[in-house]
Amino acid sequence: MVMSSSVSVPRLVVAAPSSGSGKTTVATGLMAAFAARGLAVSPHKVGPDYIDPGYHALASGRVGRNLDAYLCGPELVAPLFLHGAQGCDIAVVEGVMGMFDGAAGEGELASTAHVAKLLRAPVVLVVDASSQSRSVAALVHGFASWDPEVRVGGVILNKVASDRHEALLREALESAGVPVFGVLRRVAQVDTPSRHLGLVPVAERRGDAVDSVAAMAAQVEQGCDLEALAALARGAGALPCAAWDAAEVLGAAPPDPHRPEGPRPQTPDGLVVAVAGGSAFTFSYAEHAELLLAAGADVVTFDPLRDEQLPEGTSGLVIGGGFPEVYAAELSANEPLRKAVSALAETGAPVAAECAGLLYLCRELDGQPMCGVLDASARMEEKLTLGYRDAVAVSDSSLAVAGTRMRGHEFHRTVVEPGAGDAAAWGVRVPRRRLEGFVQRGVHASYLHTHWASQPGVARRFVERCRTS
């Protein structure tokens, strides 16, 4: 069902002057606090980050969704937001980095401010006040006035040291005419553990994560004016678009030039696309599964750490991102599944692997045997590879026709040698021109994380290849 453009979803964006200011604590705490009051909360994250949405889902009880104006294009931000927010009473959108920080060299593109404007949503600025008092007014004034199209509705002060400190901050902001919606003190149990790529995902620490989210909710409930924040969210008007719908956009996607003309064949009962999950493979966008379902597949999740066989009737395999380097020994020990993955790939069945999936398909990872689908070796390294990428498909594959352009994101501390097969997956322009990834038989494996909503035809092509392989 497509939401009418006349429907207004109460919403607010949680932003900050810089990373580390407390956005995740405030946004996640707000989601949990509103949900505890009986509201249906729609959780969203600006940018490509997969980890924060896991905490958002835990806080709200709904799937955490990303809003990325670079990966999907600005025109899809509001429709994807409305899709995720259907049936909800309020939506909370966590920003990324500093409020005006976007894709490198692209101005405001994909910044929190850009997404706030696309959503016509008020912004709550979370300020780390730990090393300032009256100067906070100048900081907030600068952010509130920098772009007149961004409406900063007020602030939440984080890491406030004492009642005296709070009084000084409030006095300064009162003179600046900026409302204070909350004051949070430093609370140790709200801290969440991090490692080489950020926070440890919920799937790896569910019990502790539940406690962390509960602590965030309690801190926000105690320190923030939830009624005033809800009123601010209700002030957001209707968006001039309809909700994104997987079936609708899939039907409108450009036809695959390699498929003969004529009516689309019906999907046979039981066409299964297996999707890797569990603690080692936690990175995925909800819209991918929705597009696969709309294309006619049954989507079945399995855990490569525990399941010794692929789901019954598997016709295609999707292995997304995650942390196989953390679980290399356990993944290697599950030899029956590694052999099953290799056997499936050998038949020519479609296999789509991104980043962690690429590592899993290699011959080895840090000396531990993996699936051996690709004649390549992977290892951890200190250097962080991070950033948006413009890419073009250089080989026909189970995902895309050569020449298909997509935007992706890289985020890893590993290296695969060689970096590309005889038939590469992508030609990448940023940060340098290079070939990247592997296409062989039905396998498409690459470091690039992509968002299929930007090119829904890849899901249709993948399912059709499952049907005919």
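Contact here means that heavy atoms lie within 4.5 Å of each other. In this predicted model, Gly320 touches Phe281, Phe283, Glu354, Ala356 and Gly357, when residues up to four places away in sequence are not counted. Gly320 sits in the loop between strand E12 (314-319) and helix H11 (328-333), and because buried means under 20% relative accessible area, its value of 13% places Gly320 among the buried residues. The chain also brings Ser284 to this region, for the C-alpha atoms of Gly320 and Ser284 are separated by 6.0 Å although the two residues are 36 residues apart along the chain.

**Salt bridges**

A search of the whole structure finds 21 salt bridges.

| Pair | N to O distance | Relative accessible area |
|---|---|---|
| Arg37 and Glu221 | 3.0 Å | Arg37 42%, Glu221 35% |
| Lys339 and Glu335 | 3.2 Å | Lys339 54%, Glu335 38% |
| Arg407 and Asp390 | 2.9 Å | Arg407 28%, Asp390 13% |

Arg37 and Glu221 form a salt bridge whose closest N and O atoms are 3.0 Å apart. This pair links distant parts of the chain, since Arg37 belongs to the loop between helix H1 (23-36) and strand E2 (41-46), while Glu221 belongs to helix H7 (residues 206-223), 184 residues apart. Arg37 counts as partly exposed at 42% relative accessibility, and Glu221 is likewise partly exposed, with a relative accessible area of 35%.

The salt bridge between the side chains of Lys339 and Glu335 has another setting, with both residues in helix H12 (residues 335-346), four residues apart, or about one turn of the helix. Lys339 is exposed, with a relative accessible area of 54%, whereas Glu335 is partly exposed at 38%.

Arg407 and Asp390 form a salt bridge in which the closest N and O atoms are 2.9 Å apart. The pair links distant parts of the chain, with Arg407 in strand E17 (residues 405-417) and Asp390 in strand E16 (residues 377-393), 17 residues apart.

Technical notes: Residues are numbered from 1 along each chain as its sequence is written. This is a predicted model: local features need pLDDT of at least 70, side-chain atom pairs count only at pLDDT 80 or more; totals for chains, interfaces and linings use all residues. Side-chain values use heavy atoms; hydrogens and water are left out. A salt bridge is a side-chain nitrogen of Lys or Arg within 4 Å of a carboxyl oxygen of Asp or Glu. Helices (H or I, at least four residues) and strands (E, at least two) are DSSP runs, numbered from the N terminus. Buried means under 20% relative accessible area, exposed over 50%, partly exposed in between (1.4 Å probe, protein chains only).
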